[in-house]
Amino acid sequence: MTDAPLAQDAVVRGSVYRDPGLFQRELERIWYRVWVYVGHESEVPKPGDFVRRQIGLQPVIMVRGNDDKVRVFYNRCRHRANLVCFAERGVAKSIVCPYHGWTYANTGELVAPTFDDGYDYDLEKERFGLTPLPRQDSYRGLVFASVAAEGQSLAEHLGGVTEFLDLFMDLSPEGEIAVDAGEQKVVYRGNWKYMPENSMEGDYHGPFIHGVAFDLYAKRTGFDVTALATDEVPDVIRSLPGGHMVEDYRGAPMDPPKRQPSAARLEYIAKLKARHGEAKAAAMLSTMAPLLYVFPNLMYVITHLRVVQPVSVDRTHSYYFPVMLKGAPAEINEARLSDHEFMFGSAGFVSPDDVEIMERNQVGMQARGDDRLYIGRGMHRERSMPDGGRSGMTRDETHLRGFWRHYVSLMEDGE
Amino acid sequence: MSEQAAVEAFLFREARLMDEMDYSGWLALWDKDGVYQVPIGAGGEPGKVSIVNDDYPRIEQRVARLKSGSVLAVEGARGAMRRVVSNIEILSHREDKCEVGSNFILGVARTAEQQLWIGRSVHALRRAGEDFRIARKTVFLINSERELPLLQFII
Ligand code: FES
Ligand SMILES: [Fe+2]
């Protein structure tokens, strides 16, 4: 470790993006310690449905049991540690390890070891079920798990970010989202931390790297997203305790598109009003739902849940899961999916510019000189918020400073 | 020229336009209500996200963006590229339309590292005099379900 802190106030050290030793330390201090997002319950709607995921570098599965409960297990056979579940998603009445055929119920219990008459002791089946993650909890269908047996509760970890999770989930006239439209997968040659940093600061970099895309989008939909950042508005940028980041647009209303709303749009508006009342529905519809980052791996960005998955210090996977709104007219969800495909994924018109930037960032970071990054925008004017976080104006870097404060607190405590 | 030879000549021309990043030339091959798709997996399931799902206006937008010269991702993904199109079969035939399957291997020289893209294309072609127009093109990448690098050119 260097003597200087990894990050402090407006300064971040380049080594946090570059040093394989720090990457290992992140696994232990962050990924194997805090709550990590695994998946949404709607991805496994029926008993037996499962998806493969990772927490840090550890493979896990999220499976809905015959008892309808969603559980997260290590993806590791209790016999000799083979990957018990190879498919990325599927349905399993029981989970059979391919190596020697040990069979587990989709609720985790060992049903049948094989040739168990050959074990010279009484193989107690109850002791050989799939290992659940030590802690698992959920918030409105978002399933989180932690590799650490002890620590904050999920409610404590999420803290004030639930207010913003609610805001986008409430876009559903039933108050429920469906993560059932599949996922796009992207790989980039850069550190994982670029993803949350870049994803939550589109107002600053947007005009520089997304100009062409924003233009095309406005022509197609009538929505001018650049209007969100024309004037700098107080409290748009939020850092929350726990390292979470938010772009809260409630103070930055957008002009509605000039064209006449479709029948589906009118029906959708009526449904939101029926659920939330005139005032709240009007406020929700007047601007974009917040963009948010739940430390360390979950984001909500305009159309989708985004998961960042570190591979190594300079290689990262990113998953884009479009979010559908339950109870919304089909046309509204179709338009969301179409907007998503316009913006995101490998061949999208917006996020590839970000990914390109992240790859170039990793290269730029190899040049030392003064090996400090500067994230000081708006430092002189940031405000403390009642939720314990801090806020800044539209293009400030207040939230990045909050992210790094939390990062440092995890990486540097109790050496 | 036999139908097979005409179809092959058309696909080879399309490949050359894509390789040489002649996006206006490529756009001119399309029907005005064409659909261009790169699904994830087998595709065809409604309500599932794709890698590319363009109606004609969006194909035009894609081309406009690729040609604009001021898009970072396009600049970054840009590299000399050549593809081989092969295994061309006319799968079905109806009036002035035919469906054609083909495979491709595309190499892109990007930075020091050469990228390889492999897949199968299914074209719905419509006769237009001596020539064809693309009514629909669906590209099945063999790694569509894996983590992909940026795809900021035409396949
Ligand atoms: S490792 Fe799973 S049955 Fe042997
Ligand atoms: Fe961006």
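Predicted model: local features only at pLDDT ≥ 70, side-chain atom pairs only at ≥ 80, totals over all residues.
**The interface**

Begin by selecting chain A and chain B together, and colour the residues that meet: 31 residues of chain B are in contact with 33 residues of chain A. The size of an interface is often given as the accessible area lost when the parts come together. Here the two chains bury about 2800 Å² between them, and 50% of that area lies on carbon and sulfur atoms.

Turn next to the polar side of this interface, where 25 residue pairs are in polar contact across chain B and chain A, and where five salt bridges are counted. To see one of the salt bridges, select B:R146 and A:E88, whose closest N and O atoms are 2.5 Å apart.

Now hide chain A and look at the side of chain B that it touches. Strand 2 (52-54), helix 3 (56-67) and helix 4 (72-77) of chain B each supply at least two residues to this side, and helix 4 of chain B gives the most, with five residues. Colouring the side of chain B that touches chain A by residue class will show 12 nonpolar, nine polar and 10 charged residues.

**The sheet of chain A**

Bring chain A back and select its open sheet of nine strands, which pair in the antiparallel sense in the order 14-20-19-18-17-16-15-24-23. At the edges are strand 14 (184-188) and strand 23 (383-384) of chain A, each of which pairs on one side only.

Within this sheet, zoom in on strand 15 (residues 237-240) and strand 16 (residues 244-247) of chain A, an antiparallel pair joined over four bridges; A:L240 has A:H244 in strand 16 as its bridge partner.

Helix 10 (residues 351-364) of chain A lies across strand 14 and strand 20 (315-322) of chain A, running at about 25° to strand 14.

**The hairpin of chain B**

Finally, select strand 3 (residues 80-94) and strand 4 (residues 97-110) of chain B, which run antiparallel and are joined by 12 bridges. B:A80 finds its bridge partner, B:A109, in strand 4 of chain B. Follow strand 3 to the turn of this hairpin, where two residues lie between the strands and B:E95 takes a positive phi near 45°.

Terms used
Residues numbered from 1 in each chain as written. Chains lettered and ligands numbered in written order. Heavy atoms only, no water. Contact = heavy atoms within 4.5 Å. Buried area = accessible area lost by both parts, 1.4 Å probe. Salt bridge = Lys/Arg side-chain N within 4 Å of Asp/Glu carboxyl O. Polar contact = N/O pair within 3.5 Å; in protein donor to acceptor, adjacent residues only side chain to side chain. Nonpolar A, V, L, I, M, F, W, Y, C, P; charged D, E, K, R; others polar. Pairing = 2+ DSSP bridges. Axes fitted to C-alpha atoms, helices over the stretch in contact; angles between N-to-C directions.
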